[in-house]
Amino acid sequence: MAISRREFLIFMGAATSMAACNSTGIHLNRPQSPNTSTASIAFKPVKLPLPLAIDGLSLDQQLDAFKSFQVEDDLILPEGYTYDPIATWGDPVGTSRFGYNNDFVSYVETSSDSGFLTINFEYISGKIWMQTYEQVISKSLPLDDVRTALSKTQGQINAFALSAANPLKSQIEAIAKEGLIDQGIGVIAIQPHNRRWARTPSPQDRRITGISGLEDGHYLQATGPGVAVFTKSNKLGYEDNLGSRIIGTFQNCAGGTTPWGTVLSAEENFQDQVPDPVMADGSSFDPSHTPFILTEDKVDGRGNPFGLAGNKYGWIVEVDPSHSKDYGTKHTWLGRYRHEAVAVHAVAGKPLAVYSGCDRRGGHLYKFVSSSNVTTPTDKANSRLLKQGMLYGAQLQPDGTGQWIPLQPSTAVSPVLPSQVLGKSNSGTVTLPNPDRQQGGYRSMNRDQDVLAFQRTFKTLGDLYAGTSREQQGAILIDAHYAANAAGITCLARPEDTVFDPQQKALFVAFTSGGPGEDGGPDKQIFQGPNGEIPYEYGWIMRITEAEGNPAATQFRWRMVAVGGELAEGGLGFANPDNLEVDAQGNLWMVTDMSTGQHNLAIPNRSGASQSELRSIFGNNTAWYLPLSGIHAGQAFPFAIGPVDSELCGLCLHPDQKTLFLTAQHPGEAGGIRQNRATETRDIAMRTTQGQEFIQSRTVPMGSNWPGKAATDLPKPTLVAIYRQDGNPLA
């Protein structure tokens with residue numbers, strides 16, 4: 001699936017306009033003109049630390065303009081644009097507080113000048129969370145005492161097994177509760193005042209936290225075949241004695257808004273707090289599998305002290321923000337895996353389709369199709385459609401075609417082979433349900449012959465899972481990632497956000513990184529860089545169209561519409577695309593998710609530097625505008641730069657297109673609280689758009705004080721509203 005460098009230069013407008021589709025199915029949007037002027041773009045792009053073609057600079061001008069760069073600890077926007085903080089970690093929300101690491105944002109309009117914002121709180125950044133907790137929340141935690149107690153066990157303990165009378169258990173529970181409170185979902189009401197958005201507290205304001213139901217009775221509900229597993233007796237694994245009731249939601253990353261005004265929240269890296277593996281009947285491993293962990297920079301395994309059952313996390317949670325008593329429903333037909341996002345395709349008279357990706361190296365793209373049809377897309381009764389249907393996994397072919405494979409007991413076992421996926425050596429890794437079904441869990445396999453032996457032993461997915469037919473279906477959904485590997489679903493490059501545009505009848509998917517991991521990697525034929533590079537760290541955005549635009553279609557076509565990386569290598573100037581939004585004109589907005597530890601590192605010599613390390617050249621995480629039509633189609637325009645150490649998330653456009661709601665999570669995650677405006681100057685080996693190397697002297701703040709920005713302010717995750725000062729639409 002390699003794309004020639006010439007093809008990408010055309011894509012960037014550096015050669016004459018022409019259409020191209022190579023034999024591997026990559027189709028690229030190309031500018032209709034080689035002109036790189038930004039005159040017809042509504043904003044002047046922000047200046048990044050690396051040169052872009054849209055800058056319109058000669059080689060000498062680039063060398064002069066980018067010989068030095070000052071990183072700012074602020075949310076940097078184009079001239080004429082500004083932002084207002086709406087809510088910050090620790091602010092009151094209902095009877096609780098605004099959580100940590102705000103991610104996905106949904107706006108549901110209630111009138112022309114008011115609405116509800118629903119916000120996900122993904123995780124806590126252990127080190128900076130512990131450093132700032134007492135000052136923000138105004139109470140202390142027994143962190144030092146617990147660290148001392150766990151010093152001989154590398155900071156780990158099965159706290160669930162401790163006696164209730166043991167003081168250590170109550171100390172651990174106090175820490176774990178506070179961390180789980182700062183995760184989950186929040187609902188707040190807002191209204192505009194003189195173009196500025198502000199909170200207007202309402203009875204609907206509330207938090208759904210990681211411990212909802214533990215003490216307040218606000219359990220979450222569940223629907224679908226997973227309930228048959230939750231409620232069955234004589235489980236092979238752990239029993240939490242709660243039946244279909246569920247305590248809390250956590251690791252809530254991205255999400256989606258339904259046409260009928262509910263919000264779908266995606267539980268992602270649940271394995272950090274509770275066990276991931278399950279038994280053959282879908283029941284959870286014992287809480288001891290994921291112990292409580294407290295170190296200087298980590299507070300994880302927070303489900304362990306409370307005995308949370310791991311099979312009840314990793315789902316899509318539906319919430320109606322207008323219903324003050326709605327604390328969430330987990331729809332198990334949508335599958336349990338590391339959900340990054342949700343996209344909804346609702347057409348009157350057709351089944352409902354819901355798409356979501358599993359954000360892991362070698363994760364999959366899934367589609368749920370309802371059994372019944374949508375009547376009116378805006379009818380809240382459509383929530384019932386999520387209770388019955390089928391979950392499918394995407395199988396992509398290098399020629400740009402694909403098919404959806406159902407994950408049901410009768411589906412043939414035809415596993416992904418290690419030789420098909422990228423690994424850290426010649427062969428990749430595929431994780432399959434453990435052939436010892438009494439032991440449960442999964443096993444990593446690195447040899448094709450072992451996988452083929454697995455296929456000879458198990459003929460269908462039903463052979464891998466125990467119970468009645470409905471219990472088997474529930475177990476497959478609970479074990480979706482490993483069942484999908486067994487069914488031959490294509491391994492992908494960390495699929496993160498999914499967004500569906502009903503105007504174009506197209507699904508857009510962000511693939512953040514093409515590198516392999518310990519337990520998987522992407523398909524070698526599908527995910528290559530512009531010059532055939534594998535691995536390719538910088539990411540892609542894919543467009544998928546269903547056959548005849550039918551949400552229930554089993555066939556689709558796919559093509560890449562944007563590729564990350566440096567200009568000189570055929571990329572668009574960004575790295576690691578993550579959250580996506582489509583505006584009213586059908587153009588994409590995107591934010592990046594480069595790992596915090598790779599921001600602005602000193603790289604005085606590129607020789608020997610890995611692609612991962614070279615992400616340093618891109619600076620802080622950023623937001624982008626990507627036109628999909630017109631003379632600028634195929635180009636990318638930087639719209640915002642995030643504060644130090646932060647990740648920009650939750651792109652959400654107001655219906656009038658005049659406001660962009662955006663979140664910045666974990667400012668100061670690596671550098672902590674910035675002291676005395678401290679900075680450090682680093683040499684970074686850069687390239688011009690033509691590929692000539694030069695050294696940039698980059699001044700980098702040491703830590704963050706955002707959003708307050710005063711010299712002693714604590715860095716705090718924050719939700720903001722961005723708008724033009726003249727009141728016109730954003731773009």
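1. On a 1 Å grid over the protein atoms alone, a pocket is an open set of points where a 1.4 Å probe fits, with protein on both sides within 12 Å along at least five of seven lines, and lining residues have an atom within 4 Å of a point. Grid points are joined across faces, edges and corners, and a volume is the space filled by probe spheres set on the points. The model is predicted, with local features needing pLDDT of at least 70 and side-chain atom pairs counting only at pLDDT 80 or more, whereas totals for chains, interfaces and linings use all residues. Residues are numbered from 1 along each chain as its sequence is written, and side-chain values use heavy atoms, with hydrogens and water left out.

2. The largest pocket holds about 1100 Å³ of space. It is lined by 41 residues, of which Thr-257, Val-499, Phe-500, Pro-502 and Glu-581 are the closest to its centre. Two or more lining residues come from each of β5 (102-111), β12, β18, β25 (495-501), β29 (577-582) and β33 (647-653), where strands (E, at least two residues) and helices (H or I, at least four) are DSSP runs numbered from the N terminus. The lining divides into 21 nonpolar, 14 polar and 6 charged residues, with Ala, Val, Leu, Ile, Met, Phe, Trp, Tyr, Cys and Pro counted as nonpolar, Asp, Glu, Lys and Arg as charged, and the others, Gly among them, as polar.

3. The second largest pocket has a volume of about 850 Å³. Of its 40 lining residues, Glu-122, Tyr-123, Asn-269, Asp-272 and Glu-669 are the closest to the centre, and the elements giving two or more residues are α3 (126-137) and β15 (299-300). By class, this lining has 5 nonpolar, 15 polar and 20 charged residues.

4. Rings of Phe, Tyr and Trp (its six-membered ring) pair if their centres lie within 6.5 Å, and planes under 30 degrees apart count as stacked, over 60 as edge-to-face and the rest as tilted. The count by this rule is 28 aromatic pairs. Phe-160 and Tyr-238 form an edge-to-face pair, with 6.0 Å between centres and 90 degrees between planes, and they lie 78 residues apart, in the loop between β7 (156-157) and α5 (167-181) and the loop between α6 (226-231) and β12 (252-257), respectively. Tyr-238 is buried at 13% relative accessible area, while Phe-160, at 30%, is partly exposed; buried means under 20%, exposed over 50% and partly exposed in between (1.4 Å probe, protein chains only).

5. Tyr-337 and Tyr-366 form a stacked pair, 4.0 Å centre to centre with 20 degrees between the planes, and both residues are buried. Separately, ring pairs link Phe-511, Phe-527, Tyr-536, Tyr-538, Trp-540 and Phe-618 into a cluster.

6. A charge sits over a ring if NZ of Lys or CZ of Arg is within 6 Å of the ring centre and within 35 degrees of the ring normal. Arg-245 lies over the face of Tyr-219, 4.9 Å from the ring centre, and the charged end of Lys-47 sits over the ring of Phe-66, 4.8 Å from its centre. Tyr-219 itself is partly exposed, at 27% relative accessible area.

7. Helix α8 (residues 469-478) is mostly covered, with 8 of its 10 residues buried. These buried residues pack against α6, β21 (389-396) and α9 (480-487), contact meaning heavy atoms within 4.5 Å.
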